[in-house]
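Subject: Structure handover

Hello,

I am passing this structure on to you. Please look through it first; my notes follow below.

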There are 2 protein chains.
Amino acid sequence: MSPRQRQTRDLLVHIDRALPRSLRRQLEDQLRDAIRSGALAPGSELPSTRALAQELGVSRGVTGRAYVQLAAEGYLELRQGANPAVRNLARVQLAPDAAPVRAGARVRYDLRPHLPDVNSFPRQAWLRSVRTALAGATSAELGYIGAQGLQQLRVEIAGYLGRARGVAADPDRIVITTGTAHSLSLLARALTHLGAQRMAFENPSHFVLREVVKHAGQTPVPVALDSEGVRIDSLRAAGAQSAVVAPAHQFPTGVVLSAERRRLLIEWAQTSGGLVLEDDYDAAFRYDRAPIGALQGLSPEHVVYLGSTGKSLAPAMRLGWAVLPARLVDPIVYELAAGMIQLPGIDQLALADFLHRGEFDRHLSRMRTIYRRRRDALVDALETWLPDCPVRGIAAGLHAVVELPSADVEEAVCARATSIGVLVQSLTQHALPGYDGPAAVLVGYGPVPEAAIPRAVQQLAEIVGNARPPLMARAG
Amino acid sequence: MSPRQRQTRDLLVHIDRALPRSLRRQLEDQLRDAIRSGALAPGSELPSTRALAQELGVSRGVTGRAYVQLAAEGYLELRQGANPAVRNLARVQLAPDAAPVRAGARVRYDLRPHLPDVNSFPRQAWLRSVRTALAGATSAELGYIGAQGLQQLRVEIAGYLGRARGVAADPDRIVITTGTAHSLSLLARALTHLGAQRMAFENPSHFVLREVVKHAGQTPVPVALDSEGVRIDSLRAAGAQSAVVAPAHQFPTGVVLSAERRRLLIEWAQTSGGLVLEDDYDAAFRYDRAPIGALQGLSPEHVVYLGSTGKSLAPAMRLGWAVLPARLVDPIVYELAAGMIQLPGIDQLALADFLHRGEFDRHLSRMRTIYRRRRDALVDALETWLPDCPVRGIAAGLHAVVELPSADVEEAVCARATSIGVLVQSLTQHALPGYDGPAAVLVGYGPVPEAAIPRAVQQLAEIVGNARPPLMARAG
């Protein structure tokens with residue numbers, strides 16, 4: 001038996017035509033899991049697309065597209081004249097929304113979801129705050145600063161969150177982190193140490209967040225989602241001690257948690273002793289009605305509030321916050337201290353000044369107007385060019401969910417769009433096992449100039465049009 | 001049996017008069033270990049100084065001073081009219097050199113070791129680099145940046161380390177962290193995952209670093225130190241897979257690793273497959289002879305080079321670097337990515353500009369002159385006021401080691417000095433089990449104006465003079 005044959009056998013890939021997921025997706029998921037789990041070690045070779053297709057009894061297009069997708073995600077290295085090889089997992093890009101295209105490929109439209117418009121970053125106002133911070137920094141503030149973050153920044157954040165989001169925010173309950181995913185990583189670690197290892201995630205939800213908490217010892221458990229948000233019966237059945245939810249604008253579906261579900265979710269936490277981790281990642285951008293206050297304000301001892309400057313200012317700011325129940329402050333500060341992750345003093349002082357001056361509120365207000373126009377332009381263009389595709393999740397945030405008739409169409413659309421430099425994300429790549437909702441393409445509008453949106457949608461519509469007929473025909 | 005008696009019994013403190021360590025130190029170490037290990041839970045009460053002294057058959061001064069020291073370190077809460085209670089460990093200050101004095105206490109002289117002079121932080125030059133960074137930042141640099149750190153910063157750091165420290169620094173082998181202790185935490189975690197869990201530490205060495213690696217799954221193993229530096233026979237006997245050393249200026253002893261030991265240390269790494277973690281924390285400040293190049297330059301595949309801007313610019317900068325052997329780059333980047341610890345893009349760009357303009361070199365050169373003068377003033381004052389105490393470790397760094405006749409004197413001097421606002425550190429608080437070197441007080445001169453040094457030393461000398469005679473008499 002040649003090494004290659006042995007490799008193929010070892011893959012233990014099972015394709016099941018009865019499953020609702022496409023063959024390519026099944027293959028891709030199983031290979032990805034095998035690489036993540038270490039069952040396929042870094043450096044090991046995979047069979048050629050032809051050999052694997054023969055072995056599995058599928059077309060070569062299925063194996064080829066699976067390999068291309070895994071290569072785009074960083075799991076595989078495709079080599080000229082040689083079989084694909086498994087890359088070192090450390091190279092896998094875990095940053096949310098890092099570009100999936102190869103260096104040098106031309107990007108026509110970057111429609112990836114929840115990318116903010118960093119070109120609108122208020123450079124002058126921020127520089128002014130840095131200048132103020134540098135001029136006023138005391139010796140203590142330039143020295144070894146505490147792991148919880150500077151007090152004056154925590155005071156300003158508490159003030160902002162109280163007035164803008166209805167958060168019950170005591171500065172002593174706030175910790176400064178590098179962002180929401182970092183906060184979640186710290187919470188996951190602390191919960192693991194406390195013996196609570198099942199963390200519920202909405203299905204679908206951002207796959208990167210699940211990777212982050214897995215690395216910190218948690219087991220992500222899927223919980224069903226419907227048009228009112230997370231389903232509490234499913235949550236109760238999950239047996240989780242904590243649950244990550246995004247009540248204001250769920251990612252990726254864009255669903256807003258209904259008033260009744262909010263009540264039930266808090267009840268779940270209060271009766272079961274569970275902890276709700278409220279990801280408020282883009283709630284500052286809400287367009288059609290008054291913002292709904294944060295869940296945390298209803299039950300501060302059972303909800304952790306998570307926010308950051310990543311979407312509101314720029315991802316590279318790396319400043320975020322968690323508002324914690326009293327009992328979690330010490331464990332989280334200890335995680336930060338023992339990991340020696342203190343964040344830059346000058347940046348903390350500058351952000352405090354930026355908040356204090358009202359620059360943050362002004363910037364958000366300006367961006368809300370810009371994003372609303374882009375959102376409206378996107379909805380108009382979708383109505384014109386893709387009138388048959390339902391559009392969801394547009395009340396807030398930085399992306400729309402454009403539903404597609406099947407997982408096969410979704411897959412074909414995303415692959416084709418990416419290959420010609422129209423960057424979009426598929427919804428089902430964020431799905432956990434058991435997902436039975438619609439397939440969709442996620443269309444972000446954060447960084448796209450208003451004038452470019454119609455053309456971008458037109459291109460996308462062409463791709464959808466080309467992808468649909470043959471696949472629809474095949475299904476029929 | 002009253003709860004208090006039970007508490008005392010549970011302490012299992014054993015005082016052994018045959019040991020070379022003072023009774024107070026023995027008591028303090030055992031209580032500290034019991035708190036750290038969780039054997040003494042947060043909130044539990046300790047007996048009064050009187051009750052504990054009776055039970056152990058020691059003077060009340062011994063128990064009282066042990067409690068005061070543990071309170072200063074954050075382990076105990078001393079309460080008016082009630083017994084001392086164990087504080088939550090998360091509140092224990094793990095930041096190196098965080099002030100041990102209570103808020104409100106007046107600091108006369110801050111002589112803690114390796115505090116830099118943050119009043120000399122080049123605010124204008126740094127602001128200029130932030131302005132340049134903000135003006136030139138691309139969309140990608142304001143977006144989601146990679147966990148390894150920005151390429152242009154790694155290029156500048158490689159250039160600096162190559163010319164200033166003889167480091168074989170390939171930008172692709174550099175990762176950006178929040179500082180040396182953070183780098184060490186990441187390395188400890190990666191080594192733990194790779195199955196290597198014994199990490200050698202020089203005895204003495206900074207206790208905070210040992211706490212950090214313990215939290216990341218490592219077992220610190222003490223290795224003996226003599227006047228030539230780390231003892232290789234002791235290192236070989238330790239059975240460690242990695243060893244943290246500071247060849248240029250060991251903390252806290254100030255010893256410089258001899259040429260022969262450098263050779264033997266590299267030989268240990270190459271023959272045993274061990275990894276040397278080179279802590280180059282203050283090597284930029286070397287006064288009397290040409291700087292010795294970094295160990296890493298001799299064997300880049302067996303030595304990790306660790307540095308930061310903490311001492312050279314300001315602790316609150318929170319930017320450091322590790323130069324890694326090829327095989328460790330992926331694991332360390334993965335630790336950063338999976339923990340979602342990316343560092344601020346603007347700061348990284350600003351530091352790249354600061355290095356590129358030569359501002360970093362200019363600042364170091366300016367500080368070297370300032371610190372040399374302070375060092376000379378300190379040595380002069382010590383010769384005048386404490387002529388009987390040998391002074392060591394003054395060739396580099398930001399502190400001197402002033403030897404004292406016994407651990408009892410060291411203990412009395414540090415307690416008294418701190419109580420009147422003269423902040424010093426004891427050497428033996430950094431000792432691991434088996435330490436048999438001299439007792440000493442560590443006298444830092446980083447932030448102390450030259451003109452204030454004679455008065456500070458005079459005060460210290462008075463304290464030493466008062467501490468010595470009775471204790472000497474008691475010993476004789």
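Met340(B) sits in the loop between helix H12 (326-338) and helix H13 (345-356) of chain B; helices (H or I, at least four residues) and strands (E, at least two) are DSSP runs, numbered from the N terminus. This is a predicted model, in which local features need pLDDT of at least 70 and side-chain atom pairs count only at pLDDT 80 or more, while totals for chains, interfaces and linings use all residues. Residues are numbered from 1 along each chain as its sequence is written, chains are lettered from A and ligands numbered from 1 in the order in which they are written, and side-chain values use heavy atoms, with hydrogens and water left out.

Backbone

Phi of Met340(B) is positive, near 60°, in a residue other than glycine. Met340(B) is buried, at 1% relative accessible area (buried means under 20%, exposed over 50%, partly exposed in between, with a 1.4 Å probe and protein chains only). In chain A, Met340(A) has a positive phi of about 60° and is not a glycine either. Met340(A) is found in the loop between helix H12 (326-338) and helix H13 (345-356) of chain A, and is buried with a relative accessible area of 1%.

The peptide bond from Phe251(A) to Pro252(A) is cis, with omega near 5°. Pro252(A) belongs to the loop between S9 and helix H11 (259-272) of chain A. Phe251(B) and Pro252(B) are also joined by a cis peptide bond, with omega about 5°.

Cavities

There are nine cavities of 30 Å³ or more in the structure. A cavity is a set of points, on a 1 Å grid over the protein atoms alone, where a 1.4 Å probe fits but cannot get out; lining residues have an atom within 4 Å of a point. Grid points are joined across faces, edges and corners, and a volume is the space filled by probe spheres set on the points.

The largest cavity holds about 570 Å³ of space. Its lining has 42 residues, and Thr180(B), Asp279(B), Tyr281(B), Ser308(B) and Lys311(B) are the closest to its centre. By class, the lining of the largest cavity has 22 nonpolar, 13 polar and seven charged residues (Ala, Val, Leu, Ile, Met, Phe, Trp, Tyr, Cys and Pro count as nonpolar, Asp, Glu, Lys and Arg as charged, and the others, Gly among them, as polar).

The second largest cavity holds about 410 Å³. H8(A) gives the largest share of its lining, three residues.

Regards

Definitions and conventions:
On a 1 Å grid over the protein atoms alone, a cavity is a set of points where a 1.4 Å probe fits but cannot get out, and a pocket is an open set with protein on both sides within 12 Å along at least five of seven lines; lining residues have an atom within 4 Å of a point.
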